[in-house]
Amino acid sequence: MKLTATQSCEALIELLKSKHGELMFHQSGGCCDGSSPMCYPLGEFKVGAQDVLLGELAGCPFYMGKAQYKLWQHTDLTIDVVKGRGASFSLEIPEGKRFIVRSEVCAL
């Protein structure tokens, strides 16, 4: 699995860092917006044994719930940004944008 960010994503992360300090991401695979990457101040979301660290986006740790990881482990993920408002607690909401995942199955 490869984790990357678009330029738009990196720019939004830098803006959010300037406002909130260090950040982290989590994607749970839950219903509704739970399947979208959520951005939190570093340490605000408690990760545990059911979370997998996939890597970093612009210096921010990115975790995924273990059940979701089992389904996506052979997929390259690109985190992007679109205009709109998600129904979540993610930090980008007041900016009128939301993080999304674009995926591509890895060649075996």
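1. Glutamate 14 has a relative accessibility of 43% and therefore counts as partly exposed; buried means under 20% relative accessible area, exposed over 50%, and partly exposed in between, with a 1.4 Å probe and protein chains only. The side chain of glutamate 14 forms a salt bridge with that of lysine 17, at 3.6 Å from N to O. A salt bridge here is a side-chain nitrogen of Lys or Arg within 4 Å of a carboxyl oxygen of Asp or Glu. Lysine 17 is buried, at 18% relative accessible area. Both residues belong to helix α1 and are 3 residues apart, about one turn of the helix. Helices (H or I, at least four residues) and strands (E, at least two) are DSSP runs, numbered from the N terminus.

2. On the source: this is a predicted model, in which local features need pLDDT of at least 70 and side-chain atom pairs count only at pLDDT 80 or more, while totals for chains, interfaces and linings use all residues. Residues are numbered from 1 along each chain as its sequence is written, and side-chain values use heavy atoms, with hydrogens and water left out.

3. Confidence is given as pLDDT, the predictor's confidence in each residue, from 0 to 100. The protein averages a pLDDT of 90, and 93% of the residues score at least 70. Among the elements of the protein, α1 has the highest mean pLDDT (97) and helix α2, residues 66–72, the lowest (89). Where pLDDT is low, the predicted coordinates should not be read in detail.

4. The structure holds 3 salt bridges, including the pair in point 1. Another joins the side chains of lysine 19 and glutamate 95, at 2.7 Å from N to O. This pair links distant parts of the chain, since lysine 19 is in helix α1 and glutamate 95 in the loop between β6 and β7, 76 residues apart. Glutamate 95 counts as partly exposed, at 26% relative accessibility.

5. Aspartate 80 and arginine 102 also meet through their side chains in a salt bridge, at 2.8 Å from N to O. Aspartate 80 lies in strand β6 and arginine 102 in strand β7, so the pair ties together parts that are 22 residues apart in sequence. Aspartate 80 is buried, with a relative accessible area of 12%, whereas arginine 102 is partly exposed at 41%.

6. Which strands form the open sheet with mixed pairing? There are 3, in the order β1-β6-β7; two strands pair if DSSP finds at least two bridges between them. The edges are β1 (3–5) and β7 (97–105), each with a single partner strand, so one side of each has no neighbour in the sheet. On average, neighbouring strands of this sheet are turned by 25° against each other, direction ignored.

7. Within that sheet, β1 and β6 (residues 75–83) pair in the parallel sense over 3 bridges. Threonine 4 stands opposite threonine 78 in β6. Helix α1 (residues 7–20) lies across β1, β6 and β7 and runs at about 65° to β6. Contact means heavy atoms within 4.5 Å; axes are lines fitted to C-alpha atoms, for helices over the stretch in contact, and angles run from 0 to 180 degrees between N-to-C directions.

8. In strand β2, 5 of the 5 residues are buried, so β2 is largely enclosed by the rest of the structure. Both of its faces are covered, with Leu23, Phe25 and Gln27 buried on one side and Met24 and His26 on the other. β2 runs antiparallel to strand β3 (residues 38–41), with 4 bridges between them, and parallel to β5, with 3 bridges. The bridge partners of phenylalanine 25 are cysteine 39 in β3 and phenylalanine 62 in β5.

9. The structure holds 3 aromatic pairs. Rings of Phe, Tyr and Trp (its six-membered ring) pair if their centres lie within 6.5 Å; planes under 30 degrees apart count as stacked, over 60 as edge-to-face and the rest as tilted. The rings of phenylalanine 25 and phenylalanine 62 are stacked, with centres 5.8 Å apart and planes at 20°. Phenylalanine 25 lies in β2 (residues 23–27) and phenylalanine 62 in β5 (residues 60–65), so the pair ties together parts that are 37 residues apart in sequence. Both residues are buried. Ring pairs link Phe25, Phe62 and Phe99 into a cluster.

10. The rings of tyrosine 40 and phenylalanine 45 are also stacked, with centres 5.2 Å apart and planes at 25°. Tyrosine 40 is buried, at 16% relative accessible area, and phenylalanine 45 is partly exposed, at 26%.
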